[in-house]
Amino acid sequence: MTPAGVATGPRPGLVRHGLVALTAVGILAAAFELFSEHHWNGVEQLVPWAALAALAAATVLVLRPGGSGVGAARVLALLVLGASVYGVVDHVLVNYGSGPLDERFADTWDALPLLTRVWYAASKEVGPAPTLAPGVLGQTALLLLLATVGAPRRRAVAPG
Amino acid sequence: MTRTLPRLTAACGAALLSVGLVACGSSTATSPGTPATAPVQSEIATAPPADDATDGATADEDDPDDSGDGGTATAVAGDGAADKVSANTASEDEIAQALTAAGVSNPARWAEEVVEYRPYPADDPDLTKLRKNLAKYNPGQETTDEIVSALTP
């Protein structure tokens, strides 16, 4: 018999910690991927590393007792989300710029319709950059944002 | 009801992460072990200015010996069209000029790629590392050979 109004599901803390754990897995997986791709040629390629550092800091903030770091963690996660969108756009642009280098399109690239060129770049038909790979950063940031929903808040202790 | 929502949230998060990681892995599977991106450049130069290469101050002089004995300094002078430049130490403009002389189209763009993937092993005159990286752009064997023919490690 469960009294009315009392939650019987898993503790909210369990779900929150699960989301934080998935965030940590995402950070480690993205770092491994970047490392294996030698993703450090130039300042632009360091952006995802900075985003990962921010996401790691945000993860630590979420775990702070009393929920005192939740606000800052959300701001950092939103920044990472922005970096993720930037990465996807940047990868598409890199592929777009590589169109004339591809022997299949070297002579015809400029004559192709704009939408066709963009589609070829976005679908990695031309160019070396994986277009959706930076999206993993955004996805991981979203996981962390979800983990902050319903996070414990520091409350003033009532006297007496 | 109170049980379902957190479980759904966690399941969706896990599924999204898995899909993302799979997408990330598969999209790079065609070029393992190579950098994922290159600098953005929407302008495609057709030929570099002939006198750009006189500005030797822009050459990367800080890593001449990264990959072995530093026998190749900046350029290997020959006579006529057989001039080769060092892929490790020549400036981007010098490389572009050498590629132009070798008949490579888009020489400035290729020179940028050559500089990006430095350093190259000094004991590999065929520039295997460069060939591997250029292959990501699908330039074709002829273009790759033309590029490499203008360069030395």
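Among contacts in chain B between residues at least 6 apart in sequence, what percentage join residues at least 24 apart? The share is 62%, where two residues are in contact if their C-beta atoms, placed from the backbone, lie within 7 Å.

This is a predicted model, in which local features need pLDDT of at least 70, side-chain atom pairs count only at pLDDT 80 or more, and totals for chains, interfaces and linings use all residues. Residues are numbered from 1 along each chain as its sequence is written, while chains are lettered from A and ligands numbered from 1 in the order in which they are written.

**View 1. Chain A and its helices.** Chain A has five helices and zero strands (DSSP runs numbered from the N terminus: helices are H or I of at least four residues, strands E of at least two). Of its 160 residues, 41% count as buried, meaning that 20 or more other C-beta atoms lie within 10 Å of the residue's own, with C-beta atoms placed from the backbone. The mean pLDDT of chain A is 89, and 86% of its residues reach 70 or more; pLDDT is the predictor's confidence in each residue, from 0 to 100. Among the elements of chain A, α4(A), residues 114-122, has the highest mean pLDDT (97) and α1(A) the lowest (93).

**View 2. The largest nonpolar core.** A nonpolar core is a set of buried Ala, Val, Leu, Ile, Met, Phe, Trp, Tyr and Cys residues joined through C-beta atoms within 7 Å. The largest has 29 residues, of which Leu55(A), Ala77(A), Val80(A) and Leu144(A) touch the most other members. Two or more residues each come from α1 (12-36), α2 (47-62), α3 (70-97) and α5 (135-148) of chain A. The most come from α5(A), which gives eight residues. Apart from this core lies another, of 23 residues, including Val85(B), Ile95(B), Tyr120(B) and Leu130(B).

**View 3. The crossing of α3(A) and α4(A).** The axes of these two helices come within 8 Å and cross at roughly 115 degrees (axes are lines fitted to C-alpha atoms over the stretch in contact, with angles from 0 to 180 degrees between N-to-C directions). That makes α3(A) roughly perpendicular to α4(A), a term for angles of 65 to 115 degrees. Val92(A), Asn95(A) and Tyr96(A) of α3(A) make the contact with Arg117(A), Val118(A), Ala121(A) and Ala122(A) of α4(A).

**View 4. Chain B.** Five helices and three strands are found in chain B. Along the sequence they follow the pattern α-β-β-α-α-α-α-β. Buried residues make up 37% of the 153 residues in chain B.

Conventions: A residue is buried if 20 or more other C-beta atoms lie within 10 Å of its own, exposed if 12 or fewer, and partly exposed in between; C-beta atoms are placed from the backbone. Angles under 35 degrees count as roughly parallel, over 145 as roughly antiparallel, 65 to 115 as roughly perpendicular and the rest as oblique.
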